[in-house]
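Biologist: Please take a close look at one helix and its surroundings. Where does it sit, and what lies around it?

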Amino acid sequence: MDGGGGGLKPMDSEQLREYGHQMVDFVADYYKNIENYPVLSQVEPGYLVKLLPDAAPNQPESLQRVLDDVQSKILPGVTHWQSPNFYAYYPANSSVAGFLGEILSAGINMVGFSWITSPAATELEMIVLDWLGKLLKLPQEFLSSGHGGGVIQGSASEAVLVVLLAARDKTLRMVGKSALGKLVVYGSDQTHSALQKACQIAGIHPENCRLLKTDSSTDYALSPEIVSEAISHDISIGLIPFFLCGTVGTTSSATVDPLYSLAKIAKSNGMWFHVDAAYAGSACICPEYRKYLDGVEEADSFNMNAHKWFLTNFDCSALWVKDRNALIQSLSTNPEFLKNKASQANLVVDYKDWQIPLGRRFRFSLYTLGSKKFMIPYKEWLVIET
């Protein structure tokens with residue numbers, strides 16, 4: 001910002017108030033006119049480098065000039081995911097209430113990787129994930145009052161990776177580290193490619209990632225019989241089945257796998273059963289759709305994306321596990337600079353041990369819609385009358 005006289009000066013609270021109003025006006029005008037933009041960006045590859053200087057500026061510019069550049073140079077290169085005419089990929093529906101939550105989140109800018117770094121961040125996340133779990137009628141074992149609990153990941157890809165790592169290490173503790181090359185993962189050919197990527201990162205041999213064929217006879221759902229046959233064959237040749245992924249709402253056809261039958265197979269073979277409901281799980285808060293989660297009570301972990309359908313800003317993917325210690329044993333690190341009395345005494349949850357990175361941002365906009373209110377419970381509870 002131009003602080004006057006061409007110098008760069010810290011923004012004071014009154015300038016923040018003024019510029020904040022400008023930014024809100026810009027966003028409000030964008031939404032007012034969003035239907036006038038072509039949904040798919042019309043620019044050619046490399047368009048932006050022709051419009052911007054090849055080095056960073058030496059002098060600050062006014063916010064208005066920055067917004068003018070956004071209008072003339074950036075918006076033409078945007079594919080407008082919030083447009084009512086957007087039908088590609090998957091819904092990524094934010095909301096005005098979500099924007100306000102993000103403003104507060106950015107303003108506080110806390111880093112909540114452990115309880116001690118900001119107790120409210122951790123405790124409120126636990127509470128809100130319990131609220132959401134209860135809305136989905138998840139079993140008690142997935143709630144923080146027991147041995148499990150919920151945690152927000154950035155994406156379903158992160159969620160499946162952390163539970164795959166937990167399952168891998170749990171198995172290797174029983175059979176020995178040298179057995180890594182024998183571990184086998186199962187899903188369907190409709191399962192999200194995130195499972196394959198998780199296998200690559202976790203060191204599972206590509207040939208040991210079984211994406212079993214589906215067809216129209218089961219509406220492209222994973223067949224329990226085919227799963228059982230594949231597992232039996234792998235055991236007979238000395239391999240170790242350890243992870244099975246079922247899906248509620250596949251990417252290509254929104255198919256729902258038979259969770260209960262798959263869970264029985266996983267349990268009888270000592271496997272971790274994960275339910276990926278990234279796409280369709282949010283619909284299951286509606287009583288008429290809850291049946292699609294039948295069998296989740298037998299799963300070891302469950303994931304759904306709040307940033308799809310829940311009017312929650314990207315990224316916000318909720319993961320629940322029955323055994324939090326499985327995550328902690330796989331992902332925990334405790335260098336001297338992170339030690340504190342509350343953590344050492346096991347009195348608190350440290351979400352750094354439930355995810356891949358150490359740091360985690362303060363998200364403020366996990367949804368829920370009431371009949372007359374937008375409620376944004378995530379790391380705070382904000383109610384806005386509509």
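Modeller: Start at the end of the helix. Glycine 203 follows helix 6, and its phi is positive, near 85°. Keep in mind that this is a predicted model.

Now the helix itself. Helix 6 spans residues 194–202. Its buried residues are Ala194, Leu195, Ala198, Cys199 and Ala202. These cover an arc of only 145° around the axis, so they lie on the same side of helix 6. The face turned away from that buried side carries Lys197, Gln200 and Ile201, which are exposed.

What does the buried side pack against? The partners of the buried residues of helix 6 are helix 5 (156–175), strand 2, strand 3 (209–212) and strand 4 (240–247).

Next, the cores. The largest nonpolar core has 37 residues. Leu136, Leu244, Phe273, Phe302, Met304 and Trp320 have the most contacts inside it. Several elements give two or more residues to this core, among them helix 4 (119–135), strand 2 (183–188) and helix 7 (224–236). Helix 8 provides the largest share, five residues.

Methionine 304 shows the packing in detail. Leaving aside residues up to four places away in sequence, Met304 touches Leu132, Leu136, Ala277, Ala278, Gly281, Ser282, Phe310, Ser317, Ala318 and Trp320.

Technical notes
Residues are numbered from 1 along each chain as its sequence is written. This is a predicted model: local features need pLDDT of at least 70, side-chain atom pairs count only at pLDDT 80 or more; totals for chains, interfaces and linings use all residues. Side-chain values use heavy atoms; hydrogens and water are left out. A nonpolar core is a set of buried Ala, Val, Leu, Ile, Met, Phe, Trp, Tyr and Cys residues joined through side-chain atoms within 4.5 Å. Buried means under 20% relative accessible area, exposed over 50%, partly exposed in between (1.4 Å probe, protein chains only). Helices (H or I, at least four residues) and strands (E, at least two) are DSSP runs, numbered from the N terminus. Contact means heavy atoms within 4.5 Å. The arc is that of the directions from the helix axis to the C-beta atoms.
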